[in-house]
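This report looks at a ligand and the protein around it. Please look over the sequence and the structure before reading on.

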Amino acid sequence: METQAPTASFTVIPNRRPATDEERWLAMEDPVFGKVFTDHMARATWREGDGWADRRIVPLAPIPLHPAAAVLHYAQQAFEGLKAYRWADGSIKLFRPEANAARLAASCRRMALPEVSEEDFLAAVEGLVEVDQNWVSGTDGASLYLRPTVIATEASLLVQPAAEVDLLVTASPVGAYMGAAGEGVSIWVSRGYHRANPGGTGDTKTAGNYAASMLPQKEAKEHGCSQVLFLDAREDTYVEELGGMNLVAVRADGSVLTPRLTGTILPGVTRDSILTLLRDEGRTVEERDIALSELVEGMESGEIVELFACGTAAVVTPIARLVSDDLDVSVPERSEDDGPSVAETMRVRLTDIQYGRAEDPHGWVREVVPAPEG
Ligand code: COI
């Protein structure tokens, strides 16, 4: 049975065997990040000469893929991550989805994939959230993580842009990505591996960047660290980003430092939002090259008082310690007199906007499902 699409362009084919209420509640109780999925997915197909077509929201299911599909061999792929939030009034909102749409378009351009228009991106994501709205929990800190991905499906071993491509959007109820909020995590500074090179794909969200980070990430875990931090490939000197999130440092005078976007760093939507909120507070924010030695010396002298990671999945996660073969340095301990950290203040400020507990001065929130009447 096909029903009228909730948006102009995505036809809905409902799942005849959705999870029962009980199955859904159990699945949403304490989900491991990215392991639980909703009943549907959004999908559209692109063919050279025809453009995007077959826009649909269908029951979530494995997809048939030819073993020679280009994505499986040459990683011609781009993806995004954004979240839907349930507000206290029952409505559901997205946070800056237009920014994710723009970044996906940029990633697609770099990967020689057809661009997904902002209109299609929003229709796919909003259509899926609307159909699977029961999966958006109202529990504190919970959200529905949306993962749009564009993959080269053409069966071809030629190293050339594929003539057939799919857009897929899955949705996954999530809680915290890295430990509980407030706990500082240890970070492994990778010395032998780099994430990105000038002219490469470091500023795009594409599978290869993450594939290359798996081994250093494994090394991080083996050293008791939650995440890996990469240095720049050219000089092996400047901190860039973590395996899947951006890095921010806070000085004793309250000013903030973060690596500038040089083309090898992902322009995080959360990074941009946090920097905007910090500037709103009147803080000085410097975006520039930061040598690892500057961070380490600052942490040792007390000049750097906080480090934190930020990203859609990580939100704002404090970093307690940097570790490497020749390094083990901790952020100075805070006392009760210090008051709330900048990381905690920013986490609260950001999530208050995302969950509708505070005003949205920059117009970042976009409604998908209105509050029920009455
Ligand atoms: C995100 O924050 O959305 C990401 O894609 C990062 C990944 C480590 C989950």
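## How the residues are sorted

Ala, Val, Leu, Ile, Met, Phe, Trp, Tyr, Cys and Pro count as nonpolar, Asp, Glu, Lys and Arg count as charged, and the others, Gly among them, count as polar. With this sorting, the shell around the ligand in this predicted model divides into 5 nonpolar, 3 polar and 2 charged residues.

## The shell around the ligand

The residues that surround the ligand are F33, F79, G81, Y145, R147, Y177, K205, G244, T312 and A313. The space that the ligand takes is the largest pocket.

## Polar contacts and burial

Which atoms of the protein lie 2.7 Å and 2.9 Å from an oxygen atom of the ligand? At 2.7 Å there is a polar side-chain atom of K205, while at 2.9 Å there is a backbone N or O atom of A313. For T312, a polar backbone atom is 3.4 Å from an oxygen atom of the ligand. Taken alone, the ligand exposes 280 Å², and the protein buries 90% of that area.

## Two domains

The domain assignment of the chain gives domain 1, covering 5–174, and domain 2, covering 185–354. Their C-alpha centres lie 28 Å apart, and the contact between these domains takes 21 residues from domain 1 and 20 residues from domain 2.

How values were computed:
Residues numbered from 1 in each chain as written. Predicted model: local features only at pLDDT ≥ 70, side-chain atom pairs only at ≥ 80, totals over all residues. Heavy atoms only, no water. Near = heavy atom within 4 Å. Polar contact = N/O pair within 3.5 Å; in protein donor to acceptor, adjacent residues only side chain to side chain. Areas by Shrake-Rupley, 256 points an atom, 1.4 Å probe, with all protein chains shown as cover. 1 Å grid on protein atoms, 1.4 Å probe; cavity = no way out; pocket = protein on both sides within 12 Å on 5 of 7 lines; lining within 4 Å. Sits in = over half its atoms within 2 Å of the grid points. Domains from an automatic or database assignment. Contact = heavy atoms within 4.5 Å.
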